[in-house]
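Take a look at the model below.

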Amino acid sequence: GPLVHVRSLGLQLQCVDVSSGTLLQSVWRHKDIVTCIAVAADGKTLVTGSRDTTLAIWDISVGSRSGRVVDLEPRHILYGHDNEVLCVAVSTELDLVLSGSKDGSCNLHSLITGRFIRVFWPPMCQSVNSVTLSAHGYFVMHCQQTGVLHSFSVNKSRPLAMRHMDSRLEAFAISRSGEYVEGGGQSPRVRILSLSTLEETYSFELADRESHVTSI
């Protein structure tokens, strides 16, 4: 099948052919603007979050005889947030959907069944702006207003560690080993932190000291 780019435009979820730029499909389900999208590593599922406080789990059907990219109706609608959803991460290995909201909470749901599992309330966090989830059962979330980074186990409501970042964090990721968090932002420095303690183990500066980190 074609290489497809998925994007949000207002209430729409749009699927575009990367090679030609052709709009292949538009679907609506949320009652307000789509704010975030995550695609599962196996390429079979995507999850959308919205200003309407819900998330939707969609089955991807690229290459099917129907000609659709995603099914016309989501498999599950996920509830639990009291304000708009700002970020989402997916793990097919762990059967988990992790979402962060403007209400300051992180919610955990089953990817397969849509069942609500647990809510996390990170200290010193008014709004959860970004999350990343590892296949080892840990996640990291960031609050832009306070500049605080938290690490959690998906099995415990209390954080493993908390760290105030001294510069605005724009991007971070958990290493493949699950032991470290790599992050950077509005300075040319990339930091490597221990996931369990969030203590810095190593850092380096970009060659261009006028630049900053936008993705990892």
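This is a predicted model: local features need pLDDT of at least 70, side-chain atom pairs count only at pLDDT 80 or more; totals for chains, interfaces and linings use all residues.

Residues are numbered from 1 along each chain as its sequence is written, and side-chain values use heavy atoms, with hydrogens and water left out.

Q: How many aromatic pairs does a search of the whole structure find?
A: Rings of Phe, Tyr and Trp (its six-membered ring) pair if their centres lie within 6.5 Å; planes under 30 degrees apart count as stacked, over 60 as edge-to-face and the rest as tilted. Searched on that basis, the whole structure gives a total of four.

Q: What kind of aromatic pair do Phe120 and Phe152 form?
A: A ring pair is described by the distance of the centres and the angle of the planes. For Phe120 and Phe152 the centres are 5.3 Å apart and the planes lie at 70°. The pair is edge-to-face.

Q: How many residues apart in sequence are the parts that the pair of Phe120 and Phe152 ties together?
A: Strands are DSSP runs of E, at least two residues, numbered from the N terminus. Phe120 lies in strand β11 (residues 116-120) and Phe152 in strand β14 (residues 148-153). The pair therefore ties together parts separated in sequence by 32 residues.

Q: Is Phe120 buried or exposed?
A: Buried means under 20% relative accessible area, exposed over 50%, partly exposed in between (1.4 Å probe, protein chains only). Phe120 has a relative accessible area of 0%.

Q: How many disulfides does the structure hold?
A: A disulfide is a pair of cysteine sulfur atoms within 2.5 Å. The sulfur of Cys106 is 6.3 Å from the closest cysteine sulfur, in Cys87, so a bond is ruled out by distance. Cys87 is buried at 7% relative accessibility, and Cys106 is buried at 0%. The disulfide count is zero.

Q: What is the bridge partner of Ile37 in β5?
A: Two strands pair if DSSP finds at least two bridges between them. Strands β4 (residues 34-39) and β5 (residues 45-50) pair in the antiparallel sense over five bridges. Across from Ile37, the partner in β5 is Thr48.

Q: Which residue in the turn of the β4 and β5 hairpin has a positive phi?
A: The hairpin has five residues between its strands. A phi of about 70° in the turn belongs to Gly43.

Q: Which residues is Glu84 in contact with, leaving aside its neighbours within four places in sequence?
A: Contact means heavy atoms within 4.5 Å. Glu84 lies in the loop between β7 (76-78) and β8 (85-91), and it counts as buried at 12% relative accessibility. Its contacts are Thr35, Ser50, Arg51, Thr53, Ser101 and Lys102.

Q: What distance separates the C-alpha atoms of Gln144 and Asn129?
A: Gln144 sits in the loop between β13 (138-143) and β14. Not counting residues up to four places away in sequence, Gln144 touches Ser127, Asn129 and Arg168. Gln144 and Asn129 are 15 residues apart along the chain, and their C-alpha atoms are separated by 6.4 Å.

Definitions and conventions: Helices (H or I, at least four residues) and strands (E, at least two) are DSSP runs, numbered from the N terminus.
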